[in-house]
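Subject: Structure handover

Hi there,

Here is the structure I promised to pass on to you. Please open it alongside this message, and take your time with it.

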Amino acid sequence: MAIRRGRGVAAINYPTGMNLGGDPTQALVHSTPTGNFTVTLSSVDLGQGMKQIMAQICAETIGVPTDRVIIDTADTDTGPHCMGTFASRGTHRAGNAVIQAAKEARQVMLEVAAEELEVNASDLETDGEGNIQVKGAPQKSISIFDVALSAHFKRGRSISGRGMFLIPRSYPEKETGAMKPSTCYAHACTVAEVEVDDETGEVTVLTVKNIFEIGRALNPKMVEQQLVGGSWMGISHALYETTEPYYPNRDHGGTDFNQYLMPGPGDLAETEIIVLERPSADGPFGAKGPGEMCANPQIPAVANAVFDAVGVRIDTLPITPERILRALKAQAAS
Amino acid sequence: MELRKNYFADVRKDGLHEIGQPRPRLDSPGHVTGKTAYFADRNFPGMLHLKMVRSPHHHARIRSIDTSEAEKHPGVARVLTAKDVPHNVYTILILIQIGPEDETVLADGKVRWKGEAVVAVLAETERAAQEAAAKVKVDYEVLPAVFDMEEALKPGAPLVNEHHGQNYYLYDSGECRKVRFGDVEAGFAMADHILEQSYQSSPIEHAPTETTGCVVAPEGNDRFTCYTNTQAMFFTLDNTSIILQMPGSKLHFVGGTVGGGFGGKVDVIVEPIAILAAKLTGRPVSFIYSREEEMQVSSPRAAEKVVIKDGVMKDGRIVARKVTGYTDAGAYSRHSPYGAQKGAAHYPGPYTIPNVWIDTYCVYTNRTPSSAMRGFGVTIGDFALEVQMDKLARLIGMDPLEFRFINAYRDGDMKAHRQPTEGAALIECMQEASRAANWPVAEKYMAMSSYRKGA
């Protein structure tokens with residue numbers, strides 16, 4: 001009886017957005033009298049930070065700091081339609097809608113600034129700090145605060161914009177399955193290292209090294225929180241979780257966190273995250289949706305590592321100590 | 001976390017002002033100090049609490065329901081049964097034309113899974129609602145149930161759901177969603193080795209911090225405001241409008257700040273019945289799942305069975321792959337026909353294989369309906385595919401990572417569903433994994449690229 005070590009690898013891809021498309025999202029953007037910008041949506045923030053990312057996307061597009069953007073979302077009386085937050089679609093779909101709306105608002109803002117500065121709007125640029133200036137002559141500038149006041153009270157212009165993003169729906173061909181499921185795919189490769197106690201069947205995941213290609217890390221800290229969380233969930237799926245431990249038998253289902261097993265802090269592996277960025281052709285600033293895929297590659301990587309450690313294949317999830325011991329017993333008997 | 005900017009630098013514009021910057025989240029201080037308001041923080045004078053009477057049986061006919069004792073229980077305001085629901089038989093994907101309507105808001109004549117909602121009790125307190133629910137008498141005639149997908153597909157198996165007429169979802173392509181590419185039998189005939197393996201998973205819970213729920217307030221203008229943690233505002237509003245036969249203009253949904261979803265809050269379960277209760281009583285209503293309901297009643301990730309048959313050459317090329325996937329929908333469709341279909345679009349994984357045959361089935365059984373969950377249609381498929389890849393590599397005596405390089409898709413490669421590959425990056429992920437994990441592969445693989453000239 002011994003502690004045995006093994007490692008396994010898995011490589012995957014994952015589509016962004018609802019399978020087969022047909023899932024629209026809209027956004028509205030308008031300026032307040034003092035040059036702050038409100039983004040109105042009906043998208044839902046599940047805790048992943050959707051509101052923050054929409055603020056950064058709007059800020060980048062308009063050309064103001066992120067703290068000048070207010071996100072007003074998920075009130076159906078005011079927010080235009082969003083299909084919902086699922087299918088790794090939030091950032092991609094809503095982000096594109098916000099960019100379109102913000103571009104329209106930015107154009108009006110530049111036109112008002114051009115009138116104030118008596119130049120052509122096409123000669124203007126934003127400095128990202130809250131000012132609009134003439135390209136090549138930054139001393140000739142006006143603050144966005146003043147532009148918004150002018151638009152509201154002097155020139156009667158609405159600094160606002162509308163945004164809509166829709167991937168047209170694809171219908172699978174009945175006999176061949178020819179279809180267009182998605183327009184962009186995120187990628188990952190994970191290497192997991194485990195120890196398996198061949199006396200108890202206990203698995204300890206020592207390290208998980210995840211390489212994720214996500215198009216564009218719009219906010220690297222938030223990317224990190226989502227990818228690390230996903231990686232933990234993948235380990236949890238591999239080794240712990242089910243509502244029906246003896247599926248298809250319906251008995252013994254957990255009804256609280258004492259019975260429904262998930263890893264605690266002490267069960268989590270040393271987790272390494274490396275991010276690559278190949279911008280997608282139709283993503284906001286190239287971003288893809290990594291929300292779902294980041295929890296997938298750890299499951300087979302851990303399964304393969306268990307085999308590498310003790311030489312038995314567990315092809316049924318979750319890979320519990322009971323299943324490992326039964327497989328080891330069967331292996332010894334044969 | 002590290003960003004490896006050396007990859008794909010030629011196609012990326014860095015140096016933006018706000019994008020790519022690690023700005024602190026504006027909502028974090030509220031979350032960590034307990035100041036963020038969630039739906040359950042709404043409390044209204046006179047608010048009623050809704051509790052469900054649920055089926056104790058996996059499959060049973062309802063002979064009769066007696067709510068008289070429950071109605072007399074102190075604090076009870078109203079008891080609702082199927083006849084109170086205007087459009088009781090519904091299905092949520094009807095909004096994207098995926099029918100038939102196959103599920104009841106409150107059971108009518110039959111229950112098809114243990115935990116199915118039968119009677120809704122509204123009372124002044126949660127305790128009174130719970131106590132009154134226990135006094136509802138339902139007379140059941142227990143029917144044979146089926147839990148195993150293979151058993152369910154056999155002739156003579158108990159019929160789970162009459163709205164389908166058979167124990168699988170009928171696609172326009174027939175009993176399964178199909179993908180056919182090349183000639184899979186010819187591929188098997190030329191292969192040096194054939195490996196057929198079967199993989200299985202069990203249902204999995206979303207385990208959000210905040211359980212599913214909503215609080216509804218009737219407004220003075222004949223409208224209803226629903227504070228909800230749904231993941232999809234208008235999807236829920238529009239389905240509620242159908243179920244309650246109420247114009248959408250009467251409905252006002254407020255949400256957007258949710259304590260974890262993972263797909264578990266894409267079903268439309270709590271809002272329609274809570275709004276109906278508010279309408280019939282004229283009072284605010286709260287309907288929030290207990291942790292037990294969240295774990296055993298709300299939809300889990302579907303159990304799946306995946307059978308993969310591969311033909312592989314000694315040099316590492318996979319020449320044929322046949323995948324048969326089964327998704328255990330439980331008793332009702334919810335999002336499972338969509339999930340099974342997504343699986344058909346995902347196989348054979350991120351590999352270029354000339355001969356592919358895919359069938360994915362959505363199967364009905366007498367268990368808690370499964371539905372959306374992070375990656376559904378793909379997550380379990382990836383487990384099966386990537387364990388299969390490991391087995392194939394070992395079968396032909398090849399390094400598992402090198403074996404994946406040989407088969408990895410690259411720009412321009414035709415996928416089984418007949419879309420050319422665009423924006424591939426699998427090879428680069430594996431190259432970086434080789435470095436990061438100190439798992440060396442031959443130099444020719446480290447020199448590969450997802451780009452193809454002219455692609």
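Below is a short tour of what was found.

This is a predicted model, so to speak of local features a pLDDT of at least 70 is needed, while side-chain atom pairs count only at pLDDT 80 or more, and totals for chains, interfaces and linings use all residues. Residues are numbered from 1 along each chain as its sequence is written, with chains lettered from A and ligands numbered from 1 in the order in which they are written.

**Chain A**

Chain A holds six helices and 11 strands (DSSP runs numbered from the N terminus, with H or I over at least four residues for helices and E over at least two for strands). Its radius of gyration is 25 Å, well over the 20 Å that the globule rule gives for 334 residues, so chain A is more spread out than a compact globule. (The radius is taken over C-alpha atoms, and the rule is 2.2 Å times the number of residues to the power 0.38.) Along the principal axes, the C-alpha atoms of chain A fill a box of roughly 90 × 45 × 40 Å. Of the 334 residues of chain A, 59% count as buried, where buried means 20 or more other C-beta atoms within 10 Å of the residue's own, exposed means 12 or fewer, partly exposed lies in between, and C-beta atoms are placed from the backbone.

Helix 2 of chain A (residues 90-117) is worth a look. Its 28 residues should span 40 Å at 1.5 Å a residue, and the end C-alpha atoms are 38 Å apart, which agrees; the expected span is 1.5 Å times one less than the number of residues. After helix 2 of chain A comes A:Glu118, with a positive phi near 55°.

**Where the chains meet**

In all, 98 residues of chain A are in contact with 102 residues of chain B (contact means C-beta atoms, placed from the backbone, within 7 Å). On the side of chain A that touches chain B, strand 1 of chain A gives the largest share, seven residues. (Strands pair if DSSP finds at least two bridges between them.) Here A:Val275 has B:Leu3 as its bridge partner.

**Chain B**

An open sheet of seven strands in chain B has the order 4-8-2-15-12-13-14, with mixed pairing. Its edge strands, each pairing on one side only, are strand 4 (76-80) and strand 14 (251-254) of chain B. Within chain B, strand 2 (residues 48-54) and strand 15 (residues 285-288) pair in the parallel sense over two bridges, and B:His49 has B:Ser286 as its bridge partner.

Elsewhere in chain B, strand 16 (residues 304-312) is mostly covered, with seven of its nine residues buried. Strand 16 of chain B runs antiparallel to strand 11 of chain B (residues 193-200), joined by eight bridges, and B:His193 has B:Val312 as its bridge partner. Strand 16 of chain B also pairs with strand 17 of chain B (residues 318-330), in the antiparallel sense over nine bridges; there B:Lys309 stands opposite B:Lys322. The hairpin of these strands 16 and 17 of chain B has five residues between the strands, and B:Gly316 takes a positive phi near 105°.

Happy browsing!

Methods: Contact = placed C-beta atoms within 7 Å.
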